Protein chains: 2
Amino acid sequence: MTSPSEELHWDPETVRKNAYKAVDWVVDYLSGVESRRVYSDAEPGSIFESLPAAPPEKGEDFDSILKDMDEVVMPGLTHWQHPSWFAFFNANTSGPSLAADILSSGLAVQGMLWQTSPACTEVETRMMDWLLDLLGLPQEFHSSGAGGGVIQDTASSATLCALIAAREKVSGFAVDQDGVTEKMTVYASGQTHSSIEKAVRIAGLGSRQFRQVATDADLRLDPADLDRQITEDRARGQIPTMVVATVGTTATTAVDSVSEIAEVCRKHDVWLHVDSAHAGTAAIVPEMRWIHDGVEDADSFTFNPHKWMFVGFDCNAFWVKDRQVLVQALSVLPEYLRNEATESGKVIDYRDWHIPLGRRFRALKLWFVMRSYGAEGLRQLIDEHLQWARWFEKQVSEDPQWEVTHRRTMNLVCIAHKDGCDRTEAIAKALNSEGQISVTPTTVEGRRIIRFCFGGTQTRMEHVEGAWEALQRAAR
Amino acid sequence: MTSPSEELHWDPETVRKNAYKAVDWVVDYLSGVESRRVYSDAEPGSIFESLPAAPPEKGEDFDSILKDMDEVVMPGLTHWQHPSWFAFFNANTSGPSLAADILSSGLAVQGMLWQTSPACTEVETRMMDWLLDLLGLPQEFHSSGAGGGVIQDTASSATLCALIAAREKVSGFAVDQDGVTEKMTVYASGQTHSSIEKAVRIAGLGSRQFRQVATDADLRLDPADLDRQITEDRARGQIPTMVVATVGTTATTAVDSVSEIAEVCRKHDVWLHVDSAHAGTAAIVPEMRWIHDGVEDADSFTFNPHKWMFVGFDCNAFWVKDRQVLVQALSVLPEYLRNEATESGKVIDYRDWHIPLGRRFRALKLWFVMRSYGAEGLRQLIDEHLQWARWFEKQVSEDPQWEVTHRRTMNLVCIAHKDGCDRTEAIAKALNSEGQISVTPTTVEGRRIIRFCFGGTQTRMEHVEGAWEALQRAAR
């Protein structure tokens, strides 16, 4: 008589056979995704309703489950890997990333402590150093010094960790003793990402303590206004705690001047966090490295390989200049996690670098992607994306109907129809509901614009040309 | 002339070929992991040093990268999927979970908003309802009412979100107006998980505001002490904000009495969060449902399918009774995320249910696991794990050298050698360094114990017997 554990788990050959089928499904999906409409047109609730109300009592075979990927799930998918995805920012992945993720899922090791899988920690430390090299980032963040990097799920979490570290540092690691939290203030431009205000709220400062700094004509944070606001806050007993410089804002990829902001932060002794979530990848191309000028003076820095660097979600990269501050802010060491390696002080326990305890082996994705493409290959690809954006910008600016509304800094082109907001909005809607391409319309300083972001793994020049054709068609 | 994007990305057949190789690697790994030592014996820094200091300039072929999985990574792995893994808690995965994760990695859709992939949201909502059914949890958390569930990365993040919601609710969503944070207090037993104190710190309350409640002889939270502490805190102007009941403590899987704790919370009008991270899965077996008695009176509840339910990390399940409180606490809606679906109020945007903005399609893992095994299969497997623990407990208690130190509530057996702590510690060390099995030694109330947790996907009765043999051998 066999026991449930002998009978019910897939044996190795079944794992192989069904995992192959899953791979085949993915390859077919990616090969054919171009023919699908980008945005799902599912009605709210329709996918939910097509699923039974309770789990099945009896186990089902894999083929019938896989079939439901096509029949139930597919109608409700918006296809981020579609070659004509120009909406939001990219969340691209790639073959090497997929292969690495299969290994990570299969190994299923936990990297919470060095001891719980040393390679999970040490490959990550090396990869974070590699990224500094790849992007030409300052050695202040390198693991060989006082700094270091860690993979987080998203920039939202990275920013929160930066704020926790800044908050603890400014309060002398005694936020509970002093009751200072409600006096702490955080500064960023009105163009910064919503995750900054969310972090300010989560950290217990409250939205009222989030200061929006004025921007210049190019939507870059105005360092003079920052200086003025910090000075005023300090004068009335507030505690300026962190400034976020945004490299590549969400709406228009405006690039704050990190070096000018750093000067203000130095003057007032305030933590500087640089959020380069989408834009960071651009710095793989040497001509784009200006976006990070001054980052050597920041206390923390983050960018998302899972956006534009062919590394599948989730893989955010976060560095601090002084890892001790971060670790002291986040470390709670219970008895059951004590071990010799940790107590030797010779190893990194990444659980103390972020909010979760458990963590999967995400560094494999970075390792496989950087090795498969090589630094040269990544430079060429990112350079090509920038060329696409330049080409698209040129078409728009030469067309009498259209206008490039904001300075293009990298792979995002922001445009508006000269007939005004209603027309622009109507065209954006038509594009998305037609379904051949996807774009994100938004409002910047009262004006309706359409954003085109170029960075998909599956995108080729023909799709960029197709975007321009679709736009002209929709405008007619 | 081909462009970089035409030349450098793997074409579909290369993706298939290399993803197959990754699958083969995983199948070989899992088939052969039993012959490896469980804990890595790598020296600190050895894996790091074996990797080049910078990324390669030229791309490398997949086979040479995959070879380094064996040569560089393998020596640094601690094997959580080893059949003789009895350490910490399990972080088990399974064939169906692996297959689902391949699909999730390949689709690479973003579920931050309903609109960004409706199926990613709606399958998740349904799966969270299914889990309630599978575990016999109260309908108060069902999406058809005012509550609902969401997948988080870990219980640490879930608990933090519960605390943020409780903090905002108790301050009337005006934590910034009132400066009340430093008066807020959080209660849990001294046996609770370290993530509770970490959440208290991250949320800006500070460790001093974390109250350890006394425990009874079975290490369960003492409701009378809880009542007393809350009353005293209230009397001296503190603001009792959240109580955490732990179902299955980390050290010994002690089960707090949720219903008695709920009564105290009701009396004082304090948010009750139930942390059943590891233990939750036990409730798949009807005889174990007593562990959640009283959960219907909790405000939030969490457990980790990624621990003991054959769902690969990360997949934490978190429910709230009033989703509006959670969403109001965590929602920041910038212009570029506005869309008709969100504004209709008819859909769920899960970004407002947790800290990150981006999110991958993790519900597929739950869907595939619950359908592949069926409720019946999962019940049989968990029941078998409980039988293993019962058998092991029996061997220990019948042996004159050993003692079961704590009441066994589920699949964890805590033991000590009768010769005392030094002997127990020496045996634990010998077991882990011998490498055939892995255990976690810890100290509870001053006494050194060894924990044996039984719940691995690859574990069979022979490995449980092997654990007992290894223990006897080590004791000789």
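**How the two chains meet**

Let's start with the contact between the chains: 132 residues of chain A touch 132 residues of chain B. Keep in mind that this is a predicted model.

**The interface**

- On the side of chain A that touches chain B, helix α2 (residues 12–32) of chain A gives the largest share, with 16 residues.
- Sort that side of chain A by residue type and you get 64 nonpolar, 44 polar and 24 charged residues.
- Of the interface residues of chain A, 100% are interface residues in chain B too, so the copies meet through the same surface.

- Chain A has an open sheet of seven strands with mixed pairing, and the order runs β1-β7-β6-β5-β4-β2-β3.
- The edges belong to β1 (148–152) and β3 (210–213) of chain A; each has a single partner strand, so one side of each has no neighbour in the sheet.
- Going from one strand to the next, the twist averages 20 degrees.

**A look at one strand pair**

- Strand β5 (residues 271–275) and strand β6 (residues 300–303) of chain A run parallel, joined by three bridges.
- Which residue in β6(A) is the bridge partner of Val274(A)? That would be Phe301(A).

Note on methods:
Residues are numbered from 1 along each chain as its sequence is written. Chains are lettered from A and ligands numbered from 1 in the order in which they are written. This is a predicted model: local features need pLDDT of at least 70, side-chain atom pairs count only at pLDDT 80 or more; totals for chains, interfaces and linings use all residues. Two strands pair if DSSP finds at least two bridges between them. Helices (H or I, at least four residues) and strands (E, at least two) are DSSP runs, numbered from the N terminus. Axes are lines fitted to C-alpha atoms, for helices over the stretch in contact, and angles run from 0 to 180 degrees between N-to-C directions. Two residues are in contact if their C-beta atoms, placed from the backbone, lie within 7 Å. Ala, Val, Leu, Ile, Met, Phe, Trp, Tyr, Cys and Pro count as nonpolar, Asp, Glu, Lys and Arg as charged, and the others, Gly among them, as polar.
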